[in-house]
Amino acid sequence: MPENNMVIKAIEAFIFEILMTTSSNSYKEFFPYPTSRKGQSEMMLAIENAVRTGVNICAEAPNGFGKTCVTLSSVLPWVKENNGKILYCARTHRQLDRVIEELVEISKRQNVSGVSFRGRRHMCLNPFVLENSDFVAPISEVCGQLKATGRCSYYEKLKKAGEPEDLIEEVPKKVLTAPEIVEFATSKSMCPYEMAKRLAKVVDVVALSYLYVFDPWILEVFIPDLGTPLSKIVLVQDEAHNVPATALDSASDSLTIRTTRQATREASSGPFKDGTSYEFSRSLTMKLQEISSDLKDNDEKVVNPQDIVDMAIRSASLDSGERVLRHMQEHGAKIKRGLLKAGKFPRSAIHRVAEFLLNWIRCADKHDYTFIISSTTSRAGTKSISLNLVALDPTSVTSPVLSRIHNSVAISGTISPIDAYSEMLGFDSESVKATFQSPFAVANRLGLVIGGLDTSFQNRNGNTFARMVDHCLAVVNATPGNTGIFTSSYSIGRSLVDAGFEKRLKRELFIELPGMKGTDNDKMIEKFKSKGEKGGAVLLGVQGGRNSEGGDFPGSTMDSVVVVGVPYARPTPSMEALIAYYDIAFNQKGRDYAYVLPAMTRAIQAAGRPVRRLDDKGVIVMLDQRFASSYLLRFIPSWLREVLQVIPDNPSDLAHQVESFFMT
Ligand code: SF4
């Protein structure tokens with residue numbers, strides 16, 4: 001139980017506080033604000049204790065708690081004393097910038113330094129690379145080839161910039177965001193990405209995306225290159241509820257039929273003509289079409305990995321799959337070298353097919369992978385077939401990193417049940433798990449579950465949608481500022497509009513569309529937020545989308561939120577494989593961990609949007625009675641559970657409750 005854990009941790013923290021009186025540094029010397037909020041000191045003690053004793057800690061605290069500053073302040077004392085380094089990983093650019101903003105505050109009290117990274121796409125200056133890279137020729141690979149052959153002038157210039165210790169004296173500040181590094185490096189015609197890497201060697205905090213941290217490259221190249229021993233690295237995992245899915249993504253891979261066709265064309269004529277590559281790629285394309293012919297739109301099935309390669313080999317009258325793929329790998333590498341030498345972009349579909357299939361076969365006997373062929377149809381109606389290597393075990397990605405570093409601090413506002421996440425992060429049984437109190441006054445939140453309304457698939461009909469629209473309108477009309485409505489899928493959002501929501505709405509409606517460009521979404525959100533003080537507007541988005549997960553809506557930019565339905569994933573063969581794997585790996589908790597937990601995390605993320613600051617007043621309406629079931633309540637964190645009440649399926653009652661809340 002998190003509460004029991006909290007008591008134990010509080011006692012440990014108390015003992016530790018006594019011990020700390022003899023210690024040279026403590027979080028108190030690093031925390032940059034005059035006073036700490038409710039729960040912050042407890043969290044800092046618990047984290048500092050865990051770091052000093054080298055155990056992993058999984059900490060839950062609500063949004064707006066100040067987790068970033070609290071975490072930095074409590075890890076930095078050990079890092080400074082031991083000449084260590086914090087790798088602070090987060091998901092969005094905004095979260096990474098936030099790390100640097102808090103570090104700037106700490107730097108007013110203590111001599112601390114840090115940099116944030118973005119991907120090469122945002123930090124590379126080389127137009128040749130930026131304009132040409134794609135999935136077949138990723139930017140990292142091309143950058144590596146250019147650097148190795150001395151063909152990137154930005155890198156060559158940086159090499160002459162001296163040692164990292166000299167470089168940090170040259171840059172304008174010792175705490176720098178990625179955009180600030182880009183600005184400075186651009187003014188010197190040096191590579192910003194490589195400059196950030198150099199600075200990372202001599203700073204205390206390196207903020208970077210999860211994608212790097214759980215890429216095998218981080219252990220092989222990035223961390224050794226930092227010059228800090230692994231035993232002196234503390235890994236902070238911010239918004240750690242995202243880590244299991246990110247880890248699985250990073251160990252998974254896909255090959256589309258488009259690439260196998262490209263490989264066939266590449267090998268068919270011209271300077272790269274190659275009979276073996278041509279026969280195999282052509283045969284593979286035909287086999288993929290044949291095998292997927294019984295799949296419906298957006299459908300998938302499990303396949304035998306070795307059979308796919310063997311069938312293509314037999315049909316092309318070739319001998320060994322391994323030999324053919326090795327030949328294609330070598331031929332593809334030759335093509336890439338030739339292109340680069342000729343000043344062209346080093347891209348080879350033959351190479352990509354070979355690399356994917358060699359890995360596909362390498363994983364064939366591993367029980368923590370499943371092998372899928374899928375058929376998807378885009379909104380434009382284009383059908384795509386792909387082979388998907390689907391990883392099933394997030395701990396196989398996280399554990400190699402965790403077992404070699406000093407310790408890890410995982411923090412999140414949505415990490416209930418905390419034991420489940422701790423296991424999926426790869427933390428061992430010794431790790432500390434602690435939940436910290438919300439600094440928000442309970443009176444600032446109204447949480448309502450609509451009883452008697454079930455939006456699950458079998459209950460969806462005209463009448464259910466009409467009731468859902470009535471409830472959404474009741475909330476919107478009783479809310480002084482903006483309302484966010486986050487549905488369990490885009491199609492539910494469309495159905496609400498079809499059921500008359502937009503027609504009956506008297507406020508402006510902003511709709512998040514699937515596949516919307518980031519810049520278009522940003523513009524829309526800016527406009528939506530501006531309506532908060534001008535009579536209010538409505539944002540109709542999706543749970544698990546960029547606005548319900550990463551959006552920050554303080555004050556009247558979102559006063560109320562309606563969470564419509566539980567966003568369970570489709571029961572696909574990959575999901576079934578994940579549930580079966582988790583049943584074995586996590587003591588028969590496959591359905592809980594693989595299916596229910598991700599859905600509830602998405603719902604709770606959406607629910608947390610209106611309460612971002614200490615003084616925010618927010619209404620959270622969970623529009624589905626299943627949220628109040630004892631089964632799902634286990635997945636709701638205490639900051640929400642403590643205010644949730646079930647009300648009858650009556651829109652007038654709902655409107656009255658919301659109105660009264662905002663009037664007090
Ligand atoms: S060294 Fe820097 S500028 Fe050159 S290709 Fe790589 S990331 Fe781009």
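Which is serine 189, buried or exposed? Serine 189 is exposed, as 12 other C-beta atoms lie within 10 Å. (A residue is buried with 20 or more other C-beta atoms within 10 Å of its own, exposed with 12 or fewer, and partly exposed in between; C-beta atoms are placed from the backbone.) This is a predicted model: local features need pLDDT of at least 70, side-chain atom pairs count only at pLDDT 80 or more, and totals for chains, interfaces and linings use all residues. Residues are numbered from 1 along each chain as its sequence is written.

**View A. Serine 189 has a positive phi.** Phi of serine 189 is near 55 degrees, and the residue is not glycine. Serine 189 sits in the loop between helix H11 (178–187) and H12. (Helices, H or I of at least four residues, and strands, E of at least two, are DSSP runs numbered from the N terminus.) Most residues other than glycine have a negative phi, and most peptide bonds are trans.

**View B. Asparagine 83 also has a positive phi in a loop.** Its phi is near 55 degrees, again in a residue other than glycine. The loop of asparagine 83 runs between helix H4 (67–81) and strand E2 (85–90). Asparagine 83 is exposed, as 10 other C-beta atoms lie within 10 Å.

**View C. A cis peptide bond joins serine 416 and proline 417.** Omega is about -10 degrees. Proline 417 falls in the loop between strand E11 (407–412) and helix H22 (418–424).

**View D. The shell around the ligand holds 14 residues.** Cys124, Cys143, Cys152, Tyr155 and Cys191 come nearest. (A residue is near a molecule or strand if its C-beta atom, placed from the backbone, lies within 6 Å of it.) Helix H8 (139–148), helix H9 (153–159) and helix H12 (192–200) each give two or more residues to the shell. H8 gives the most, with 3 residues. By class, the shell has 10 nonpolar, 1 polar and 3 charged residues. (Ala, Val, Leu, Ile, Met, Phe, Trp, Tyr, Cys and Pro count as nonpolar; Asp, Glu, Lys and Arg as charged; the others, Gly among them, as polar.)

View E. Leaving aside neighbours within four places in sequence, cysteine 143 is in contact with Arg120, Cys124 and Val129. (Contact means that the C-beta atoms of two residues, placed from the backbone, lie within 7 Å.) Lysine 366 is 223 residues from cysteine 143 in sequence, and 32 Å from it in space, C-alpha to C-alpha.

**View F. Eight strands form an open sheet with parallel pairing.** The order is E4-E3-E5-E2-E6-E11-E1-E12. (Two strands pair if DSSP finds at least two bridges between them.) Strand E4 (175–176) and strand E12 (432–435) stand at the edges. Each has a single partner strand, so one side of each lacks a neighbour in the sheet. Inside the sheet order, strand E1 (residues 57–60) and E11 pair in the parallel sense over 4 bridges. Alanine 59 has isoleucine 411 of E11 as its bridge partner.

**View G. Strand E13 (residues 445–450) is largely enclosed by the rest of the structure.** This holds because 6 of its 6 residues are buried. Both faces of E13 are covered. Arg445, Gly447 and Val449 are buried on one side, and Leu446, Leu448 and Ile450 on the other. E13 pairs in the parallel sense with strand E18 (residues 618–623) over 5 bridges. There, valine 449 stands opposite methionine 622. E13 also runs parallel to strand E19 (residues 644–647), with 4 bridges. Leucine 448 stands opposite glutamine 645 of E19.

**View H. The protein has 32 helices and 19 strands.** The radius of gyration is 26 Å, close to the 26 Å that the globule rule gives for 664 residues, so the protein is as compact as a globular protein of that length. (The radius is taken over C-alpha atoms; the rule is 2.2 Å times the number of residues to the power 0.38.) The C-alpha trace spans about 75 × 65 × 50 Å along its principal axes. Buried residues make up 48% of the 664 residues. Of the contacts with a separation of 6 or more, 80% join residues 24 or more positions apart.
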